[in-house]
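Reader: Before I set up any calculations, I would like to go through the charged pairs, the domain interface and the backbone geometry one question at a time. Could you take me through them with care?

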Amino acid sequence: MHRFLDLADFSRDEIIALIDLARHLEQRPEPRALAGRILGLVFFNPSLRTLASFQAGMARLGGTSFVITPGQGTWQLETQLGAVMNGATAEHVREGIPVLASYCDALGIRAFAEGKDLARDLAETQFQAMAEIVDKPLINLESAMNHPCQSLADWKTMDDLAVPRGGKLVLSWVQHPRALPLAVPAATVHMAAMRGMEVVVLRPEGYALPAAIMEKARAAASSAGGSVRESANRAEALAGAHVLYAKEWGSTEHYGNAEADARLRENLSDWCVIPEWFTGADADCKFMHCLPVRRNVAVADAVLDSSRSIVRREAYNRMTAQMAVLHRMLS
Ligand code: CP
């Protein structure tokens, strides 16, 4: 494996084989598998899980890693092509990223959406510009429209807990004080479709996912035997659900317009998951969220602290799933 950028670059069987490898490494640790190997991690945006789970996973396989957070103890990196660099940025990614790649055996990059131009973010313009100049194995640590490491961990988490591969997953928009990127909802809807699930995107008006994301998920669903649709009706969407996956994202109708988005979400405080949401769901319906999450804004304490919540297992599986990726890439 040379790149891990998008689950869609792999067949369903290849993803299942990666999850099998993750489980194998959990049961039979290989503490020398990546001895002498170095992973570089570049974070243009903050992280808790991605940063710690990659470093821990690499160490558990006998390798080592370094972390760069541009502008925090290192030069601030310019990402815009053609920029006149007479401001805060001291170095361009066109030099900085290949230099970092030259020090390691694989590189991971986190670069969130710019959040101004939907078409530009859908095209992964910023991430692609860096991917093109990396000649080493490359891992997407979350880009504008994707978070494949989260999705791999979520797929494994559902398998671990025997959530049926053909079960029903409801991806629900939930409240947040400001617009957040579309990476996790886009990756989740695709992952669940690829897993063969009945996927419902539950969201208020103004928060429909972009057509390109829904079409990509529908294509995955059609080859895996699943389905993808949208709904604004909570009771109908959640009826019989095996998983409620909550996520915050910005209005696609007002993409890049923070004020219009804020006005739209002003009256949506009831989009905070409470125990009553599960009334018509499967009795064993799980609650998922990629974390970080704002308690009692997006999800009530009573849900996060209940036995339905598997958020900590998802976070743990970031490490186990990524160890399989690193092992396949570098061993
Ligand atoms: N879910 C996730 O990617 O967490 P971090 O932003 O903390 O890495």
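Author: A salt bridge here is a side-chain nitrogen of Lys or Arg within 4 Å of a carboxyl oxygen of Asp or Glu. Please keep in mind throughout that this is a predicted model.

Reader: With that cut-off, what is the N to O distance at which the side chains of D284 and K286 meet?

Author: K286 is buried, because its relative accessible area of 12% is under the 20% limit, whereas D284, at 47% relative accessibility, counts as partly exposed. The two side chains meet in a salt bridge, and the N to O distance is 3.2 Å.

Reader: Which residue forms a salt bridge with D159, and is that partner buried or exposed, or partly exposed?

Author: D159 itself is buried, with a relative accessible area of 16%. The closest N and O atoms of its salt bridge are 2.5 Å apart, and the partner has a relative accessible area of 32%, so it is partly exposed. That partner is R165.

Reader: Which side chain of opposite charge is nearest to E78?

Author: E78 sits in strand 4 (residues 77-78) and is buried, yet it has no salt bridge. A polar atom of its side chain does lie 3.0 Å from the backbone nitrogen of Q80, and, leaving aside residues up to four places away in sequence, E78 touches A83, M85, T89, E91, H92 and V93. Because a salt bridge requires a distance within 4 Å, a separation of 8.5 Å does not qualify, and the nearest side chain of opposite charge, at that distance, is R120.

Reader: What is the area buried between domain 1 and domain 2?

Author: The domain assignment gives domain 1 (3-147 + 318-330) and domain 2 (162-309), and their centres, taken over C-alpha atoms, are separated by 26 Å. In contact across the boundary are 23 residues of domain 1 and 21 residues of domain 2. Carbon and sulfur atoms give 66% of the buried area, which is about 1,600 Å².

Reader: How many residue pairs are in polar contact across the interface of domain 1 and domain 2?

Author: Between domain 1 and domain 2 the count is 1 salt bridge. Helix 1 (12-27) and helix 4 (118-122) each supply at least two residues of the side of domain 1 that touches domain 2. Across this interface, with both residues at pLDDT 80 or more, the number of residue pairs in polar contact is 4.

Reader: Where is E124 found, and what is its phi?

Author: Most residues other than glycine have a negative phi. E124 is not a glycine, yet its phi is positive; with 13% relative accessibility, it counts as buried. E124 is found in the loop between helix 4 and helix 5 (125-131), and its phi is about 55°.

Reader: What is the omega of the peptide bond that joins L291 and P292?

Author: P292 is placed in the loop between strand 12 (286-288) and helix 11 (301-304), and N296, in the loop between strand 12 and helix 11, has a positive phi of about 65° although it is not a glycine. Most peptide bonds are trans. The bond joining L291 and P292 is cis, and its omega is about 5°.

Technical notes. Residues numbered from 1 in each chain as written. Predicted model: local features only at pLDDT ≥ 70, side-chain atom pairs only at ≥ 80, totals over all residues. Heavy atoms only, no water. Helix = DSSP H or I, 4+ residues; strand = E, 2+ residues; numbered from the N terminus. Buried < 20%, exposed > 50% of the residue type's maximum accessible area, 1.4 Å probe, protein only. Lys, Arg positive; Asp, Glu negative; His and termini not counted. Polar contact = N/O pair within 3.5 Å; in protein donor to acceptor, adjacent residues only side chain to side chain. Contact = heavy atoms within 4.5 Å. Domains from an automatic or database assignment. Buried area = accessible area lost by both parts, 1.4 Å probe.
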